[in-house]
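Work through the exercises below with the model open beside you. Try each task before you read its solution.

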Amino acid sequence: QVHLQESGPGLVKPSQTLSLSCTVTGDSITTKYFYWSWIRQPPGKGLEWLGYIAYDGSAFVTPRLQSRTSISRDSSKNQFTLQLNSATPEDTAVYYCAREGRREGYDYWGQGIQVTVSA
């Protein structure tokens, strides 16, 4: 059974960096051909896909956030990380990490972590 767990601060001040980690158990983040994604849901809105880091270490971030967002990984810890710089209140959301397979789709999700950007 694959399990994903988000961790990080629940409160971030505006202009600071929002940094979250996702720890994976039950699978390796280097397993072909899976993609490890970050997705968020602002209050009252739908899901927004932020980006992924692939099994081979390549990463892609949605163009809208590319200028201030990075996704990286620590294979030794089986973790991947989201960093979103210059946070604003519009970044307030529940943040999820998820696994996506080419055939499986999004098959495993973390429980989500609420992050509020506020002074």
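**Exercise 1. The disulfide**

Task: Find which cysteines form the disulfide, and state its handedness.

Solution: 
- Note first that this is a predicted model.
- Count the disulfides: the structure holds one.
- Look for the pair. Cys-22 is joined to Cys-97, with an S to S distance of 2.1 Å. The cut-off for a disulfide is 2.5 Å, so this pair qualifies.
- Check the torsion. About the S-S bond of Cys-22 and Cys-97 it is about 70°, so the disulfide is right-handed.
- Cys-22 sits in strand β3 (residues 18–25), and Cys-97 sits in strand β9 (residues 93–101).
- Cys-22 has 0% relative accessibility and counts as buried. Cys-97 also has 0% and counts as buried.

**Exercise 2. The overall fold**

Task: Describe the secondary structure of the protein, and decide how its radius of gyration compares with the globule rule.

Solution: 
- Count the elements. The protein has zero helices and 11 strands.
- Read the order from the N terminus: β-β-β-β-β-β-β-β-β-β-β.
- Compare the radius of gyration with the rule. The value is 13 Å, close to the 14 Å that the globule rule gives for 119 residues, so the protein is as compact as a globular protein of that length.
- Take the spans. The C-alpha trace covers about 40 × 25 × 25 Å along its principal axes.
- Turn to burial. Of the 119 residues, 43% count as buried.
- Finish with contacts. Among those with a separation of 6 or more, 54% come from residues 24 or more positions apart.

**Exercise 3. Strand β5 and its partners**

Task: Work out which strands pair with β5, and in what sense.

Solution: 
- Begin with the strand itself. β5 covers residues 48–54. Five of its seven residues are buried, so β5 is largely enclosed by the rest of the structure.
- Go to one partner. Strand β4 (residues 34–41) pairs with β5 in the antiparallel sense, over six bridges. Within this pairing, Arg-40 has Glu-48 of β5 as its bridge partner.
- Inspect the connection. β4 and β5 form a hairpin with six residues between them. Gly-44 in that turn has a positive phi of about 75°.
- Go to the other side of the sequence. β5 pairs with strand β6 (residues 59–61), again in the antiparallel sense, over three bridges. Here Tyr-52 stands opposite Phe-60 in β6.
- The β5 and β6 hairpin has four residues between its strands, and Gly-57 in the turn has a positive phi of about 90°.

**Exercise 4. Asp-91**

Task: Determine whether Asp-91 is buried or exposed, and which side chains make polar contacts with its side chain.

Solution: 
- Locate the residue. Asp-91 lies in the loop between β8 (79–84) and β9.
- Check its accessibility. At 1% relative accessibility, Asp-91 counts as buried.
- Search for polar contacts. The Asp-91 side chain makes one with the side chain of Arg-40, at 2.9 Å. It makes another with the side chain of Arg-68, at 2.9 Å.
- Tie this to Exercise 3. Arg-40 is the bridge partner of Glu-48 in β5.
- Asp-91 is in contact with Leu-18, Arg-40, Arg-68, Leu-84, Ser-86, Val-115 and Val-117.

Methods:
Residues numbered from 1 in each chain as written. Predicted model: local features only at pLDDT ≥ 70, side-chain atom pairs only at ≥ 80, totals over all residues. Heavy atoms only, no water. Helix = DSSP H or I, 4+ residues; strand = E, 2+ residues; numbered from the N terminus. Buried < 20%, exposed > 50% of the residue type's maximum accessible area, 1.4 Å probe, protein only. Pairing = 2+ DSSP bridges. Rg over C-alpha atoms; globule rule 2.2 N^0.38 Å. Contact = heavy atoms within 4.5 Å. Polar contact = N/O pair within 3.5 Å; in protein donor to acceptor, adjacent residues only side chain to side chain. Lists of a residue's contacts leave out its neighbours within four places in sequence.
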